[in-house]
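Open the model in your viewer and keep the sequence panel beside it. This tour moves from the whole chain to a single residue.

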Amino acid sequence: MNSERFWVLVLATTTFCVGLAAGLLISDRIHPVQQERPGAYEAQMVAAFDLDEERVNNLRWILRVYREKIEALKERNIATLDSELVKIGHDSRELIKTYVIPDHHLQQFNQWVDGQPVLSGAKLQ
(Lines give C-alpha, C1' and ligand atoms only; values in the text may rest on other atoms or scores of the structure.)
Protein backbone atom coordinates (compact mmCIF):
# COMPACT_ATOMS: atom_id res chain seq x y z
CA MET A 1 0.00 0.00 0.00
CA ASN A 2 2.91 2.32 0.39
CA SER A 3 3.96 1.75 -3.17
CA GLU A 4 4.11 4.88 -5.30
CA ARG A 5 2.66 3.00 -8.24
CA PHE A 6 -0.46 2.11 -6.26
CA TRP A 7 -1.13 5.74 -5.28
CA VAL A 8 -0.48 6.97 -8.83
CA LEU A 9 -2.95 4.36 -10.09
CA VAL A 10 -5.56 5.46 -7.51
CA LEU A 11 -5.05 9.12 -8.49
CA ALA A 12 -5.31 8.34 -12.23
CA THR A 13 -8.45 6.24 -11.73
CA THR A 14 -10.08 8.91 -9.58
CA THR A 15 -9.22 11.65 -12.07
CA PHE A 16 -10.59 9.56 -14.94
CA CYS A 17 -13.88 8.92 -13.11
CA VAL A 18 -14.30 12.59 -12.20
CA GLY A 19 -13.62 13.62 -15.80
CA LEU A 20 -16.08 11.05 -17.12
CA ALA A 21 -18.82 12.21 -14.74
CA ALA A 22 -18.19 15.87 -15.58
CA GLY A 23 -18.30 15.11 -19.30
CA LEU A 24 -21.64 13.35 -18.99
CA LEU A 25 -23.12 16.22 -16.98
CA ILE A 26 -21.87 18.85 -19.40
CA SER A 27 -23.05 16.94 -22.47
CA ASP A 28 -26.55 16.61 -20.98
CA ARG A 29 -26.72 20.37 -20.51
CA ILE A 30 -25.38 21.16 -23.98
CA HIS A 31 -27.51 18.57 -25.81
CA PRO A 32 -30.56 17.81 -23.64
CA VAL A 33 -32.66 14.83 -24.62
CA GLN A 34 -35.65 16.11 -26.54
CA GLN A 35 -38.80 14.12 -26.73
CA GLU A 36 -40.28 13.69 -30.17
CA ARG A 37 -43.49 15.63 -30.19
CA PRO A 38 -45.34 16.50 -33.33
CA GLY A 39 -44.89 20.02 -34.58
CA ALA A 40 -47.64 22.09 -36.12
CA TYR A 41 -46.57 21.16 -39.66
CA GLU A 42 -46.59 17.45 -38.88
CA ALA A 43 -49.94 17.64 -37.08
CA GLN A 44 -51.52 19.55 -39.98
CA MET A 45 -50.23 17.04 -42.52
CA VAL A 46 -51.46 14.06 -40.50
CA ALA A 47 -54.90 15.63 -40.15
CA ALA A 48 -55.17 16.87 -43.74
CA PHE A 49 -53.92 13.75 -45.50
CA ASP A 50 -55.02 11.00 -43.07
CA LEU A 51 -51.52 9.46 -42.90
CA ASP A 52 -50.92 5.93 -41.64
CA GLU A 53 -48.20 5.13 -39.09
CA GLU A 54 -45.52 4.29 -41.69
CA ARG A 55 -46.08 7.56 -43.52
CA VAL A 56 -46.03 9.50 -40.24
CA ASN A 57 -42.66 7.88 -39.39
CA ASN A 58 -41.34 8.80 -42.85
CA LEU A 59 -42.54 12.38 -42.35
CA ARG A 60 -40.87 12.62 -38.94
CA TRP A 61 -37.59 11.33 -40.39
CA ILE A 62 -37.71 13.81 -43.29
CA LEU A 63 -38.53 16.72 -40.97
CA ARG A 64 -35.74 15.74 -38.56
CA VAL A 65 -33.18 15.62 -41.38
CA TYR A 66 -34.53 18.94 -42.68
CA ARG A 67 -34.08 20.57 -39.24
CA GLU A 68 -30.55 19.17 -38.95
CA LYS A 69 -29.60 20.59 -42.35
CA ILE A 70 -31.09 23.98 -41.45
CA GLU A 71 -29.16 24.00 -38.18
CA ALA A 72 -25.97 23.17 -40.09
CA LEU A 73 -26.65 26.11 -42.39
CA LYS A 74 -27.21 28.43 -39.44
CA GLU A 75 -23.68 27.73 -38.35
CA ARG A 76 -22.46 29.08 -41.65
CA ASN A 77 -23.28 32.47 -43.14
CA ILE A 78 -26.94 31.99 -44.07
CA ALA A 79 -27.25 35.18 -46.13
CA THR A 80 -24.92 33.80 -48.78
CA LEU A 81 -26.63 30.41 -48.83
CA ASP A 82 -30.15 31.31 -50.01
CA SER A 83 -29.96 29.04 -53.06
CA GLU A 84 -28.76 26.11 -50.96
CA LEU A 85 -31.58 26.72 -48.46
CA VAL A 86 -34.14 26.70 -51.28
CA LYS A 87 -32.64 23.45 -52.63
CA ILE A 88 -32.88 21.75 -49.21
CA GLY A 89 -36.52 22.82 -48.93
CA HIS A 90 -37.31 21.58 -52.43
CA ASP A 91 -35.56 18.24 -51.83
CA SER A 92 -37.45 17.75 -48.56
CA ARG A 93 -40.76 18.55 -50.27
CA GLU A 94 -40.03 15.96 -52.97
CA LEU A 95 -39.21 13.35 -50.31
CA ILE A 96 -42.52 14.12 -48.59
CA LYS A 97 -44.36 13.75 -51.91
CA THR A 98 -42.66 10.40 -52.56
CA TYR A 99 -42.70 8.75 -49.14
CA VAL A 100 -45.46 10.46 -47.15
CA ILE A 101 -48.38 11.73 -49.23
CA PRO A 102 -50.65 9.03 -50.69
CA ASP A 103 -51.02 9.27 -54.47
CA HIS A 104 -54.67 10.27 -54.28
CA HIS A 105 -53.73 13.30 -52.12
CA LEU A 106 -50.88 14.69 -54.29
CA GLN A 107 -53.01 17.40 -55.90
CA GLN A 108 -54.26 18.54 -52.51
CA PHE A 109 -50.70 18.56 -51.14
CA ASN A 110 -49.58 20.74 -54.04
CA GLN A 111 -52.43 23.15 -53.28
CA TRP A 112 -51.46 23.12 -49.61
CA VAL A 113 -47.82 23.89 -50.42
CA ASP A 114 -49.02 26.81 -52.56
CA GLY A 115 -50.86 28.23 -49.55
CA GLN A 116 -54.37 27.19 -50.51
CA PRO A 117 -56.63 25.67 -47.83
CA VAL A 118 -57.06 21.90 -47.77
CA LEU A 119 -59.86 20.08 -45.99
CA SER A 120 -58.95 17.37 -43.49
CA GLY A 121 -58.69 13.76 -44.69
CA ALA A 122 -62.05 12.82 -43.19
CA LYS A 123 -63.84 15.56 -45.11
CA LEU A 124 -62.28 14.67 -48.43
CA GLN A 125 -64.21 11.42 -48.83
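**The whole chain**

Start with everything selected. This is a predicted model. The chain has 125 residues, and 19% of them count as buried. Now show the surface. The chain exposes about 9900 Å². Carbon and sulfur atoms supply 57% of that area.

Switch to a cartoon. How many helices and strands are there in the chain? There are six helices and zero strands. Read from the N terminus, the elements run α-α-α-α-α-α.

**Stop one: a helix pair**

Select residues 53-75, helix α3, and residues 82-99, helix α4. Two packed helices are described by the angle between their axes and the distance between the axes. Here the angle is about 175°, and the axes lie 10 Å apart. Angles over 145 degrees count as roughly antiparallel, and α3 and α4 are therefore roughly antiparallel to each other.

Next, show the side chains where the two helices meet. On α3, pick R55, N58, L59, I62, Y66, K69, I70 and L73. On α4, pick E84, L85, I88, G89, S92, L95, I96 and Y99. Color this contact by class. You get 10 nonpolar, three polar and three charged residues.

**Stop two: the largest nonpolar core**

In soluble globular proteins, nonpolar side chains tend to be buried together. The largest nonpolar core in this model has 13 residues. Which of them touch the most other members? Select M45, F49, I96 and V100. Then highlight α2 (40-49), α3 and α5 (106-113), the elements that give two or more residues to this core. The largest share, four residues, comes from α3.

Center the view on M45. Leave aside its neighbours within four places in sequence. M45 is then in contact with D50, L51, L59, I96, V100, I101, F109 and W112.

**Last stop: D50**

D50 is found in the loop between α2 and α3. Is D50 buried or exposed? D50 is exposed, with a relative accessible area of 55%. Now check the backbone. Most residues other than glycine have a negative phi. D50 is not a glycine, yet its phi is positive, about 50°.

Definitions and conventions: Residues numbered from 1 in each chain as written. Predicted model: local features only at pLDDT ≥ 70, side-chain atom pairs only at ≥ 80, totals over all residues. Heavy atoms only, no water. Axes fitted to C-alpha atoms, helices over the stretch in contact; angles between N-to-C directions. Parallel < 35°, antiparallel > 145°, perpendicular 65-115°, else oblique. Contact = heavy atoms within 4.5 Å. Nonpolar A, V, L, I, M, F, W, Y, C, P; charged D, E, K, R; others polar. Buried < 20%, exposed > 50% of the residue type's maximum accessible area, 1.4 Å probe, protein only. Areas by Shrake-Rupley, 256 points an atom, 1.4 Å probe, with all protein chains shown as cover. Core = buried A, V, L, I, M, F, W, Y, C linked by side-chain atoms within 4.5 Å.
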